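I opened the model today to look up a few local features. My entries follow in the order I made them.

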Amino acid sequence: MLFVISGPSGVGKTTLVRRVLEDFENIVFCVSHTTRKKRNGEVEGRDYYFVSESEFRRMIEEDELVEWAIVHGSYYGTSKKELKKVGVNADCILDIDIQGAQQIREKLQDATFIFIMPPLFQELKKRLEARGDESAASVQKRLEVAREEIKYYHQFDYIVINDELKRAVKDLKSIIRSEKCRLDTRSLEVESILESFTEY
């Protein structure tokens, strides 16, 4: 299964995903590519694959990406190779922007789409300012983009309001568990169980 997590910049997507991954052994994080600069604490190959703009453009030209977009002046995208690699033996989570999520929905309708929403605009502003790694102008630009992105919430299957972190993590885990218990998801397991009832 593929879980697509999206929402405005600064809403806490990365933190939520990391907390969820700690409790699910059979779900892995699908690492995206980006041309933006590495932030403090970020690790190559864990948070992103940090590449040059020329390398990213090459990937676009050679159709190596399942989705990509220019967000806040930088390129972001998910490679087909990475998605295929992590999805072979486990379910996977994608943490991507709204544009990327829309592209994924057009190509992979059976994925589960989850929108992370801030409790209030003022709280999102506070979180972005607290990062301390961007100028006031950059923060303002992100907030302007967020005003537009928030309008797309209705295109997603689930909404998680990241007001209190523990509750938001619990909600996200509940969504994943419920999706993994769907009839179509468990059909193979059910078939083997039903067969056992006819053996005697």
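I count a residue as buried when its relative accessible area is under 20%, as exposed when it is over 50%, and as partly exposed in between. The model I am reading is predicted.

Entry on strand 7. I looked up how well residues 91-95 are covered, and five of the five residues in this strand are buried. Side chains in a regular strand alternate between the two faces of the sheet, so I checked each face. On one side I find Asp91, Ile93 and Asp95, and on the other Cys92 and Leu94, all of them buried.

Entry on Arg127. I located this residue in helix 5, which spans residues 121-131. What does the side chain of Arg127 reach at 3.1 Å? I find the backbone oxygen of Val11 at that distance. Setting aside neighbours within four places in sequence, I list Gly10, Val11, Pro119, Asn162 and Asp163 as the contacts of Arg127.

I looked up a nonpolar patch of about 270 Å², made by Tyr153, Ile159 and Ile161. Tyr153 lies in the loop between helix 6 (136-149) and strand 9 (158-161). I record Tyr153 as partly exposed, because its relative accessible area is 41%.

Methods
Residues are numbered from 1 along each chain as its sequence is written. This is a predicted model: local features need pLDDT of at least 70, side-chain atom pairs count only at pLDDT 80 or more; totals for chains, interfaces and linings use all residues. Side-chain values use heavy atoms; hydrogens and water are left out. Patches are made of residues with over 30% relative accessible area and no salt bridge: like charges are joined within 9 Å, nonpolar side chains (Val, Leu, Ile, Met, Phe, Trp, Tyr) within 5 Å. Accessible areas come from the Shrake-Rupley method with a 1.4 Å probe; for residues, only the protein chains shown count as cover. A salt bridge is a side-chain nitrogen of Lys or Arg within 4 Å of a carboxyl oxygen of Asp or Glu. Helices (H or I, at least four residues) and strands (E, at least two) are DSSP runs, numbered from the N terminus. Buried means under 20% relative accessible area, exposed over 50%, partly exposed in between (1.4 Å probe, protein chains only). A polar contact is a pair of N or O atoms within 3.5 Å; within protein, one must be able to donate a hydrogen and the other to accept it, and residues adjacent in sequence count only if both atoms are side-chain atoms. Contact means heavy atoms within 4.5 Å.
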